[in-house]
Amino acid sequence: MNAVRFPDGYRLEALRKSHPRAAFRCGQAQVDDWLATKALQNQDKRLSATKALIAAAGDIAGFYTLATAQVDFSDLPPELIRHLPRRDLPVAVLAWLGVDVGHRGLGLGHRLLAQALVDCHLASRIFPVVAVILDCIDEPAKAFYRRWDFRELPGYRQRLYLSWKQLDAMMQDQ
């Protein structure tokens, strides 16, 4: 899978200062605040990378933020860590994802997630990871990600993971 197709008039770009971040509203104050006040700073510090989906009118229709991290071997489920060294292991992190309320109903959330996973898969060819992890902001978000085969990490009710093998299989199916 190379790139996800977005509806006509939408384009995906790296987040820039000129994007109207403060106008974005997805219905979750934490997500809105992240985009408005922290996403660009973290990107400038090379702590994360944010891609914004820009609508024809120039507003931000949606976005996602990716980062990398390490997780303790003992925090991962047995089926994921079989035959891996007992140490901190590299993971890709889907840190944030949101769709503006004015752009709902177009499947943009699914398309943004699909593109974020494509990006993780491509990056994993250079910087290998054992999984993609994310923290769900609420139960509806958790249900959304579970439809994409993300599973709950044992002991972390709102933290989900997608193993590298699952991610690779998704990319091969496309």
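**Burial, core packing and strand pairing in the predicted model**

Ser48 has a relative accessibility of 11% and therefore counts as buried (buried denotes under 20% relative accessible area, exposed over 50% and partly exposed in between, with a 1.4 Å probe and protein chains only). The structure is a predicted model, in which local features need pLDDT of at least 70 and side-chain atom pairs count only at pLDDT 80 or more, while totals for chains, interfaces and linings use all residues. Residues are numbered from 1 along each chain as its sequence is written, and side-chain values use heavy atoms, with hydrogens and water left out.

Ser48 lies in the loop between H1 and E2 (helices, H or I with at least four residues, and strands, E with at least two, are DSSP runs numbered from the N terminus). Not counting residues up to four places away in sequence, Ser48 touches Trp34, Asn42, Gln43, Thr65, Leu66 and Ala67 (contact means heavy atoms within 4.5 Å).

Helix H1 comprises 16 residues, 29-44, and reaches 23 Å from its first C-alpha to its last, close to the 22 Å expected; the expected span is 1.5 Å times one less than the number of residues. H1 bends by about 55 degrees at Lys38, where the bend is the angle between axes fitted to the seven residues ending there and the seven starting there. Its buried residues are Val31, Asp32, Trp34, Leu35, Ala39, Leu40 and Gln43, and their cover includes strands E2 (49-54), E3 (60-71) and E4 (89-99). Arg46, which follows H1, has a positive phi near 65 degrees.

The largest nonpolar core contains 34 residues, of which Leu94, Leu113, Leu117, Val132, Tyr145, Trp148 and Phe150 touch the most other members (such a core is a set of buried Ala, Val, Leu, Ile, Met, Phe, Trp, Tyr and Cys residues joined through side-chain atoms within 4.5 Å). Helix H3 gives the most to this core, with eight residues. A second, separate core of 14 residues includes Ala67, Val71, Leu76 and Tyr161.

Strand E5 is largely enclosed by the rest of the structure, because four of its five residues are buried. E5 runs parallel to E4, to which two bridges join it (strands pair if DSSP finds at least two bridges between them); Val132 in E5 is the bridge partner of Ala92. Pairing of E5 with E7 is antiparallel, over five bridges, and Ile133 stands opposite Tyr161 in E7. Beyond its neighbours within four places in sequence, Val132 is in contact with residues including Leu94, Leu117, Phe150 and Tyr161.
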